[in-house]
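Q: Could you walk me through reading a few features of a model like this one?

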Amino acid sequence: MLSPPRTVVRREAGLYALEQALQRRGFEHVAGADEAGRGACAGPLVAAAAILPAGKRGEVPGLADSKLLTAAARERVYAEVVDRALAWSVMIIPPTEVDARGLHVCNLAAMRRSLALLTVRPDYVLTDGFPVDGLGVPGLAVWKGDRVAACVAAASVLAKVTRDRLMVELHDKFPEYGFAVHKGYITDEHSSALLRHGPCAEHRFSYVNVAAASGRGNVPPRARRPANTTAEPIPSLFDASVTEPLLLPMAAEGTVGVASGEQPQPSPSVGEDEAMEGETR
């Protein structure tokens, strides 16, 4: 029995090697998906997806894992990705959804939705770290995918820049927490502000440090958010009461969606609460 020909990933192609190998095997449109804000204890979880064109057009100047770029460099790369991508999308999950459904469930749902929002159907999907099922196309979860696959790195930049911009806007509403500086991640400054002021509506009450600061640490994670505490609608372009994807002005090929919490909620998987306790950064 003959084995199928091997797919050769050429190292000299660098960040574009994996996509080029897949394209040589007939997968013309390779989409990448990644998220930002998983480890934050405040603000939304944001996922993004992108399909870059083949050839020189798809080689984005300065593209790299968003965490390795300065804020100014990320903004420049973001503009290049939006300009060059065949399709791109962003999905925003507010903290109320993270509290209600759990971090891991929201993370997978956000990546799945961002891929579904793409205006060009992908032939193959690369995701950063976590496999995402239910896509209807073949896919591969790549460890540190934002450092080895250009489309995943592009999605990483889209998600990170979108989330950072939202956190800067939230800083104007809640200046006492310093969201513009730490972007909702757990830092000494943020922890001190939590103890001094208590959590605001944009915090994730399912996270253990927020629950402790609110005095609700002995309550099960999904019941920790007080009934009268609702996160503010995401400002400017984003309306959390809208269930349909929103078009981002000046970017006809890109879409932005917001989860409103009005869709039927699936039952969480066993053991998910451990992932909801948050991460440090």
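**Cysteines and an annotated site**

A: C200 counts as buried at 6% relative accessibility, where buried means under 20% relative accessible area, exposed over 50% and partly exposed in between (1.4 Å probe, protein chains only). This is a predicted model, where local features need pLDDT of at least 70, side-chain atom pairs count only at pLDDT 80 or more, and totals for chains, interfaces and linings use all residues. Residues are numbered from 1 along each chain as its sequence is written, and side-chain values use heavy atoms, leaving out hydrogens and water.

Q: Where does UniProt place the feature "binding site"?

A: The unreviewed UniProt entry puts it at D34, E35 and D128; such annotations may be inferred rather than shown by experiment. These residues spread over 95 residues of sequence, yet they cluster in space, with a largest C-alpha distance of 8.2 Å.

Q: Is D34 buried or exposed?

A: D34 is buried, with a relative accessible area of 2%. Contact means heavy atoms within 4.5 Å; beyond its neighbours within four places in sequence, D34 has contacts including M111, D128 and D146.

Q: What does the side chain of E35 reach?

A: The E35 side chain reaches the backbone nitrogen of R38 at 3.3 Å. E35 is also buried, at 19% relative accessible area.

Definitions and conventions
A polar contact is a pair of N or O atoms within 3.5 Å; within protein, one must be able to donate a hydrogen and the other to accept it, and residues adjacent in sequence count only if both atoms are side-chain atoms.
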